[in-house]
Amino acid sequence: FLMVGASYGVLALWNNVSLKETGKKEWWESGDGLPWHEEEDKLNGTGQAVKSSKKEVTTTISQAVKNTTQEWSNLMKDPKVSPIVVMNGFYLCAISGTQMTLLPLLLTGGGGATAGAAGAATGMALTATAMGQIYMWMSAVQVIGNPAAGRFADRKGKETAIIAGGVLTSAAMATVPVICAYGLMIGDFVALDVNDVNWPLLAATLGVWSLGSTLLATSHVSDKSERC
């Protein structure tokens, strides 16, 4: 955790030094709200109407839910933003179901031939340290690949980067169970032994997975900001 956190910190500092703001200076200094916010008329001290995008502070949960629902409704009606939001939603659902749920179960589940013989789902029964190393590897690929993903998106376009990231991520997700099934076949379908797993191939697949995720995450945010 310390190594990953330090890596992201170094990356943040590097980006702050090396990257230049490409947005219009006037837009940042104007203090305007987000593009889909509806401006409201208010009276200043002289009795003249002025425009303001700031919302009234609500004190009830129901009103807060209503305001949030209205904000999302306005957001999804924007043809420039809604496709990116929907695509990013599918990406987050896929990641939460695979990288955050199924992959940890696959790495830590099982525990020997007994579970396999009983017909129960088996996994690699890795220790917490070993599983941490795997996720550290995936995080390291994301940190190292982030600048390359950004350059690719700038040169080829955000839409192309989203498609490439989706293809890489989907292919890697589909390959992981194939690798594990092959290891299970070597073990005569008794249990998924860690010694039967092709670790270089699995590590390369997880690396491609992380690289695809980096492309998707970077391109979604960049494309939404660019369209706004």
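Which residues line the second largest pocket? The close-ups below come from a predicted model, and the first one takes up that question.

**View 1. The second largest pocket and its lining.** The pocket's volume comes to about 260 Å³.

**View 2. What H6 brings to the second largest pocket.** H6 gives the most to the lining, with seven residues.

**View 3. Thr 98 in helix H4.** Thr 98 counts as buried because its relative accessible area is 18%, and the cut-off for buried is under 20%. Leaving aside residues up to four places away in sequence, Thr 98 touches Leu 103, Pro 104, Met 173 and Trp 209.

**View 4. Helix H7, residues 158–186.** H7 has 29 residues and reaches 42 Å from its first C-alpha to its last, close to the 42 Å expected at 1.5 Å a residue. Its buried residues are Lys 158, Ala 161, Ile 162, Gly 165, Gly 166, Thr 169, Ala 172, Met 173, Val 176, Ile 179, Cys 180 and Gly 183. An α-helix has 3.6 residues a turn, so residues three or four places apart point the same way. Met 173, one of the buried residues of H7, also turns up among the contacts of Thr 98.

Terms used: Residues numbered from 1 in each chain as written. Predicted model: local features only at pLDDT ≥ 70, side-chain atom pairs only at ≥ 80, totals over all residues. Heavy atoms only, no water. 1 Å grid on protein atoms, 1.4 Å probe; cavity = no way out; pocket = protein on both sides within 12 Å on 5 of 7 lines; lining within 4 Å. Points joined across faces, edges and corners; volume = space filled by probe spheres on them. Helix = DSSP H or I, 4+ residues; strand = E, 2+ residues; numbered from the N terminus. Expected span 1.5 Å × (residues − 1). Buried < 20%, exposed > 50% of the residue type's maximum accessible area, 1.4 Å probe, protein only. Contact = heavy atoms within 4.5 Å.
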